[in-house]
Amino acid sequence: MGKLEFLGIGGELSALMRERDWASSPVGLPERWPQSLRTTLSLMLDNGHCMFVAWGPELTFFYNDAYAAFLGARHPAALGRPFPEVWTELWPDLAPLVDRTLAGEMVWQDERHLVMTRNGYPEDTWFSFSYSPVRDDKGQVNGMIGVVNDMTAKVVAERRSKAERDLLATVFDGTDMLILVSDLDYNILAINPANVVAFRQVYGVRPTVGDNMLDLLADQPECQAEVREGWARGLSGEEVTFVQEFGNPGLARTWFEVTFRPLLDAAGQRVGAYQFVSDITERKRSEAALAEAQDQLRQSQKLEAIGQLTGGVAHDFNNLLTVIRGSVDLLRHDNLPDDKRTRYIDAIGNTADRAAKLTGQLLAFARRQALTSEMFDAGISLEEVATMIGTMTGSRITLDIHLPQEPFFIVADRSQFDTAIVNMGINARDAMGGEGRLTIATGPVSGIPAIRGHAAVAGDFIAVTITDMGSGIAPGEIDRIFEPFFTTKGVGQGTGLGLSQVIGFAKQSGGDIRVDSKPGEGTTFTLYLPRAYPDGNGQQAEQADEDSDGSGVCVLVVEDNAEVGEFATSALKELGYDTVLANDGHAALRLLDENCRRFHVVFSDVVMPGMDGIELGSEVRERYPDVPVILTSGYSHVLAQNGQHGFELLHKPYSVDQLSRVLRKAVIWQIKRRGLTEGVPNLVDR
């Protein structure tokens, strides 16, 4: 065969071409191949790129090692075959390109899509390739050389990446979530349509990519400040989520939940931040509506308890008034012995105290206020509310109260605790038909047993048990008795809210309630609440102050009710106080403006026409910070909703001694503040 140096010195295809018998092929023996073919084959075989040569009228196919890789199963049979037979399925696409090349044109295709069978099944492929004509010594085109790059992996990766980007763009543009990306200088790098709309609604300007957020709000300094404050957290690198109201008050103030995340470059350096924002205005409104509905439900539950109490309370009040009226009539008799006079006066005082206590308990139920947790002795509270339960149950029900010898504290809303006890008492009374024995006890326990499918809970708890001798609860109804509005009573005899209040209070306070009942034998409700341990020795008893002398102290009494004002000033004068009466807040301020040093304390009613006591106290505190203010009220929705605003409060009805004690406390505070002791030695030196 002779030496075939032009076929290269190594490689699989070089060896195959040397070993092949070319005598019967269209190109004949290699020794007779024209120099143009030899040179072209030598160039191809020594090249690392995927290359082929198609030669002569039959386009006899030659290729190098790199090209063999993507021939797949066609290799090595493809060597020496006609080009159209090697790529039969591609020939309709390639034939026009080959014709152009054999006509002398160089052809280039970039990422040409071809459906190719190379692994036993048709598949989408993409190739970038060039076809160049090969000429003989006379300049005639005798064949072609091709350089091929398989771009399939690259195209597939790019298309997948583009699909992902398109999907993200679809989500970015279509989501209701507000998205904005900013660099460290507040320049907008990206913003989705939802954020554009929201920004325009709350600030009145339409942001676009490239805008500076702070520049957009240059004529709205307050809005600019709130945007700067919020974004400063994100641009500092903080990963944070917060809820805040944003917007120009003249356009729209909207509640948003904002999440910031840092924006990092390829090197991990912080270059900005992006935010995800949700408009939660409707959620806030729903939460407010739910809170209002829950408050209304609590009030309904309280009102139901009060409605159940009304008859008994009216009966008790009539009894109290009978004692007071009778004692007053007897005091009017002439020549009444001193011992009887004292007895009747004591009867009036004791009866008034009982009436005040009953009124205070009713107000605790009716008060419209948010739940306020406080630490209190469960036994003392239970003892106090027992009076109301006794009034409610009537004389045919015997009430047994068993209280522990030592205090046991809980942390809960005291008004709701009392309401829960009354509601269980009402339920027990109705179960007994108004006759029988009702037992109430409280004490510590070491945990809550398994209840209604819930696992047992270990820990220190206080248990309040209420046991009746009534008709009991049917087994099929025990699981439903705590449902709101569920009741076994007749129409008009109950709303079914009482026990739902009890379990709601128990759960909210970290406890639970258990029911044990047998039809015909009675029912026991056990209310479990977490036990609390106060620091120190608990509430200190208020020290008695036997000295009620008020000489040298001037009190400005502010009271719109003439009778109450006359009583207060007269009582204080009897104790040695100097008093000045003002019938409203404005009159009191005029007196203070004339000579504030004259008065040691302001004693004002809360509920007054025009300026109420809280408004007056706030004005006095601002104008004359060293003049203490004491407020008094029988009941005030303002105090119930908002607290005492930091003022000392004396509840009506009050005794003269109580009034004197709080006045002395206030005056001593004033003396210490002013740093003066002269003029009132009897208040300081004792």
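The questions and answers below set values from a predicted model against the definitions behind its terms.

Q: What makes this model a predicted one to be read with cut-offs, and how is it numbered?
A: In this predicted model, local features need pLDDT of at least 70 and side-chain atom pairs count only at pLDDT 80 or more, while totals for chains, interfaces and linings use all residues. Residues are numbered from 1 along each chain as its sequence is written, and side-chain values use heavy atoms, with hydrogens and water left out.

Q: Why are Lys154 and Glu111 called a salt bridge?
A: The term requires a side-chain nitrogen of Lys or Arg within 4 Å of a carboxyl oxygen of Asp or Glu. The closest N and O atoms of Lys154 and Glu111 are 2.9 Å apart, so the pair meets the definition. Lys154 belongs to helix α6 (residues 152-174) and Glu111 to strand β3 (residues 107-117), so the bridge ties together parts 43 residues apart in sequence. Helices (H or I, at least four residues) and strands (E, at least two) are DSSP runs, numbered from the N terminus. Glu111 and Lys154 also belong to a salt-bridge network with Glu158.

Q: Why is Lys154 called partly exposed?
A: Buried means under 20% relative accessible area, exposed means over 50%, and partly exposed lies in between (1.4 Å probe, protein chains only). Lys154 has a relative accessible area of 37%, so the middle class applies.

Q: Why is a set of 45 residues called a nonpolar core?
A: The name covers buried Ala, Val, Leu, Ile, Met, Phe, Trp, Tyr and Cys residues joined through side-chain atoms within 4.5 Å. In the largest such core, of 45 residues, Phe62, Phe83 and Trp87 touch the most other members. Strand β1 (residues 50-55) supplies the largest share, six residues.

Q: Why are β14 and β15 said to pair?
A: Pairing needs at least two bridges found by DSSP between two strands. Strand β14 (residues 436-448) and strand β15 (residues 457-468) have nine, in the antiparallel sense, so they pair. Val445 stands opposite Phe461 in β15. Strand β15 is also joined to strand β17 (residues 522-532) by eight antiparallel bridges, with Phe461 opposite Pro530 in β17.

Q: Why should residues 536-547 not be read in detail?
A: pLDDT is the predictor's confidence in each residue, from 0 to 100. Over residues 536-547 the pLDDT stays under 50. Where pLDDT is low, the predicted coordinates should not be read in detail. The protein chain averages a pLDDT of 82, and 85% of the residues score at least 70.

Conventions. Contact means heavy atoms within 4.5 Å.
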